[in-house]
Amino acid sequence: MTGHDYVTEADRELEETYEEPMALAAYVDRIFENPTIASHASKYLLEAIEAAGTRTVVEEGEEKERYRFFDDPHNDGEHAILGNTEVLNGFVDDLRSIAAGRAKDEKIIWFEGPTATGKSELKRCLVNGLREYSKTPEGRRYTIEWNVATAETSDRSLSYGVDPTAGDDQNWYQSPVQSHPLSVFPEQVRSQVLADLNEQLEDHVPVRVDTELDPFSREAYDFLEERYRREGSEELFSAIADSEHLRVKNYVVDIGQGVGVLHSEDEGRPKERLVGSWMHGMLQELDSRGRKNPQAFSYDGVLSQGNGVLTIVEDAAQHADLLQKLLNVPDEQSVKLDKGIGMDVDTQLLIISNPDLEAQLNQHADRNGMDPLKALKRRLDKHRFGYLTNLSLESELIRRELTNETEVWEADSYDELEERIREPVRATIKGQDGETRTREFAPHAIEAAALYAVVTRLDEEDLPNGLDLVDKALIYDQGYLQEGDTRREKDEFDFDDDGHDGDHGIPVTYTRDTLAELLQTERDRHHTDLAVEDVVMPRDVLNAMAEGMANAPVFSTGERSEFENRVVPVKNYIFDRQESDVIEAIMHEKRVDEETVGEYVEQVYAWETDEPLYNDRGERVEPDPLKMKLFEIEHLGRFSEDEYQGNLPRESVRNFRREKVITSLNRHAWEHRDEDFSVADVDLAAIPVIKSVLESHDWDDVSRTFEDFDPRQWDDPPSGTETASVKENTIETMVEEFDYSEASAELTSRHVMGQVSYRWD
C-alpha cells in the first residue's frame with residue numbers, strides 16, 4: 001500500500017464511525033429503528049458487554065460461560081482480564097438489575113482485590129470495549145449541540161468569548177456533559193416517546209431517560225425560549241429545536257467523552273474532582289444576570305466526563321473523601337455545580353481499590369449503629385478480584401508480562417492448553433560484553449513459575465486425603481485429575497467453596513521481576529559445544545523464586561516460610577513432566593500407531609458383544625484372542641503370560657477389557673452403535689487407557705526396547721554404543737517435535753538421566 005492508500009483507509013474508517021449531525025425529529029425516527037442507540041448508561045454498558053458474545057472456559061475446575069468483552073477483543077487482547085470469570089459474571093448480573101431498575105439502582109459497584117489481580121486491566125478493557133462498541137451501528141452514542149448566534153441581535157452569545165458573527169460552524173457548541181437528546185423534550189412528551197419505544201422492545205430492560213438538560217444546554221434552551229416567546233411564536237418548541245439551533249450529534253465514547261476516570265494522582269477540591277470548576281474570567285465576559293453563568297463552568301470533573309455511560313474512580317482509597325459525596329448520585333441522579341445550579345447525571349458508577357479501602361471503611365465498625373460510614377457501605381456493591389488459581393491462566397499472564405504476546409488463549413481441548421503451558425520463551429538480550437544473543441526459558445520453565453505461584457494461592461485446609469496442592473491446582477485447571485487409568489472429576493472432591501483460594505500468594509509482578517532478572521543475569525560461559533549457559537531451566541526459576549523471597553518486602557515473614565515450604569511438590573511435578581518428555585522422545589519411533597490401537601479396540605468390542613460388528617471397510621470383525629493378548633502384553637505392558645490360559649484371558653484381563661476399555665468409550669457412540677458401527681466412530685483419545693498407549697511410555701518400555709541402554713553414560717556416551725545412538729535420536733526428536741533448543745534438550749535430558757541412573761539397576 002502507498003501512503004495515499006493508508007490515508008484513504010483512515011478516511012473510510014472515520015466515515016464509518018462518524019455521522020453528519022441530524023435534526024431532533026430525525027433522531028427520534030432513528031431510535032425507533034434502532035432502540036439501542038437511546039439506551040441509558042447502565043443499559044448501554046450491559047449491551048456493549050453482551051454484544052461481544054460468550055465462550056466456555058474452565059476455572060477452578062468448573063465450566064463457566066465468559067463474556068468475550070472482558071477478553072479485550074477489539075484491542076487484540078492487550079488488556080484482557082484473565083480469570084475471575086465468576087466475579088465478572090456477577091458484575092454483569094448486577095448491571096442487568098441496575099439497568100432494569102430492579103432493587104440495585106442506588107448501588108455503587110466496587111471492585112476490590114490485592115495488587116496485580118487485573119483491576120487496572122478492567123478499567124482499560126471497559127474503555128476499549130465501549131470505545132469500539134460506540135463505533136458500531138448498534139452502539140452509536142448521541143448528544144446535542146446548540147447554536148444561538150442565528151437567533152440573537154444583542155451581544156449575548158452562547159460561546160466562550162467567540163465572535164458571534166463568525167462562521168456558522170464555529171457557533172455550534174456541544175453539550176459538555178453528553179446530554180441525552182431526549183432530555184430536550186418536556187418531561188410529559190419524553191415519557192410518551194419512551195413508552196412507545198419500550199412497547200416495541202423485546203428486551204426485558206426498558207430504556208429510561210430521567211435526566212433533564214444540563215445547565216449549559218438549559219442556558220441555550222432558555223435563551224431561545226425567551227427570544228421566540230417575545231416574538232410570539234405559536235410553535236415554540238419547534239422554533240427552539242429547529243435544526244438551525246439544535247442538532248443531534250454522534251460521538252465516540254472515550255475518556256472525557258462519556259467515560260470519566262478519576263486517577264489516583266488527580267488532585268483538587270471534592271467539587272472540582274466531581275464536576276469541575278468555575279472559570280472566573282469567563283464569568284465577567286458572559287451575561288450572568290446577577291448569577292453565575294453555567295457557560296463559564298469547566299465540566300472537567302469525573303461525573304461530567306462520565307455522564308452518559310461510565311464513571312470510574314481508580315484507586316478509590318486515595319479519594320475516600322469523595323465516596324460520601326457520591327452517596328446519592330446513583331438514586332437521585334443529580335449533583336450541583338453550585339448552590340443554585342444543579343445537574344442531572346446518568347452514569348454507571350464504578351470504583352476500584354486495593355484492600356486498604358475496606359480498612360478505611362471499617363475504622364468505625366466497632367461503633368455498631370453509630371458508624372458514620374454505614375450508609376456508604378450499604379450502597380457499595382462489592383466484587384472481589386482474586387489471584388489466578390488456574391495454571392493455564394497464570395502461564396498466559398506470565399508470558400504476557402515477559403513478552404509482547406496479547407493473544408487470549410482459547411482451546412478446543414485441554415491438550416491444546418497443555419501445549420501452550422509447556423512452551424519455551426526465547427528473547428534476544430544484550431550482554432555486558434555488548435554482544436546480543438538469545439536467551440531461553442526452557443520448556444516447562446514458565447509452567448514451573450506459574451504452578452508455584454498458583455500453589456501458594458491455594459487453601460490447603462480442604463485437601464482430601466492423598467492429594468497435595470499440585471493435585472488441587474491440576475484439578476482446578478483441567479476440571480479433573482488423571483491417576484493412571486482412572487479419571488476423577490472435580491465434583492468428586494469436597495473442596496470448600498468458601499475457602500481462601502486466591503486470597504493471597506505470590507503476585508505475578510514478583511514472578512515477572514524474578515524471571516526478568518534471570519533473563520539478564522550473566523552466566524559462566526564454560527561450555528564450548530553448546531550455549532547451555534543461555535538456557536534458564538525450570539529448577540533455576542523455582543530456586544530463584546523461593547530464594548528471592550527473603551529480600552522481597554511484598555512478603556511477610558509468615559508468608560515467606562509458608563511459600564518456601566510449597567516449592568518441593570512443584571519441583572517434583574515439573575521433573576515428572578521433563579522425564580515424560582525425555583521418555584517420549586526416546587520412544588518416539590516406537591509408538592504404537594493408531595491403526596493398530598483401533599484394531600485392538602475392534603477386537604475387544606467383538607469379543608464382548610454378541611451382535612455382529614463391522615469395521616469401517618464393511619468387514620465383519622472376528623475376535624482374535626492371540627492378537628488381543630499380544631497387544632495387552634507388549635503394548636499395554638499391563639499383563640504377563642500367567643494372566644492368560646493359553647490365549648484366553650483370565651478374570652483380571654476380562655475385567656480390564658470391560659471396565660477400562662469399553663466403559664471408558666464415548667457413551668453416546670457405545671449406546672447408539674448399530675451394524676455399521678466401527679472404531680472410526682469413536683475418539684480413541686477419549687479412552688484413558690488407550691490414550692496412554694498412544695501417548696505415554698515408561699522406563700520399563702525403554703529398557704525392554706533398548707536392552708543395552710545405560711543412562712549412566714548419557715553425559716558422554718561411548719561412540720558406537722546403543723546409548724550414544726539413543727541420545728542422538730532423543731535430542732533430535734526433542735528439538736524437532738517438542739520445541740526444545742539443542743541446548744535445553746541437552747540440559748533437560750542430563751537432569752533426567754542423572755536422577756534415573758540412581759535407580760536404573
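Author: Asp-254 stands opposite Gly-258 in E8, where a strand is a DSSP run of E with at least two residues and a helix a run of H or I with at least four, both numbered from the N terminus. This is a predicted model, in which local features need pLDDT of at least 70 and side-chain atom pairs count only at pLDDT 80 or more, while totals for chains, interfaces and linings use all residues. Residues are numbered from 1 along each chain as its sequence is written, and side-chain values use heavy atoms, without hydrogens and water.

Reader: In which sense do E7 and strand E8 pair, and over how many bridges?

Author: Strands of a sheet pair through backbone hydrogen bonds, either parallel or antiparallel. Two strands count as paired if DSSP finds at least two bridges between them, and E7 and E8 (residues 258-262) are parallel over 2 bridges. They belong to an open sheet of 6 strands, ordered E7-E8-E9-E12-E3-E13, with E7 (254-255) and E13 (380-384) as its edge strands.

Reader: Which order do the strands of the antiparallel open sheet follow?

Author: Its 3 strands are ordered E5-E4-E6. E5 (173-174) and E6 (246-251) each have a single partner strand, so one side of each is left without a neighbour in the sheet. Between E4 (residues 141-146) and E5 there are 2 bridges, and Trp-146 stands opposite Tyr-173 in E5.
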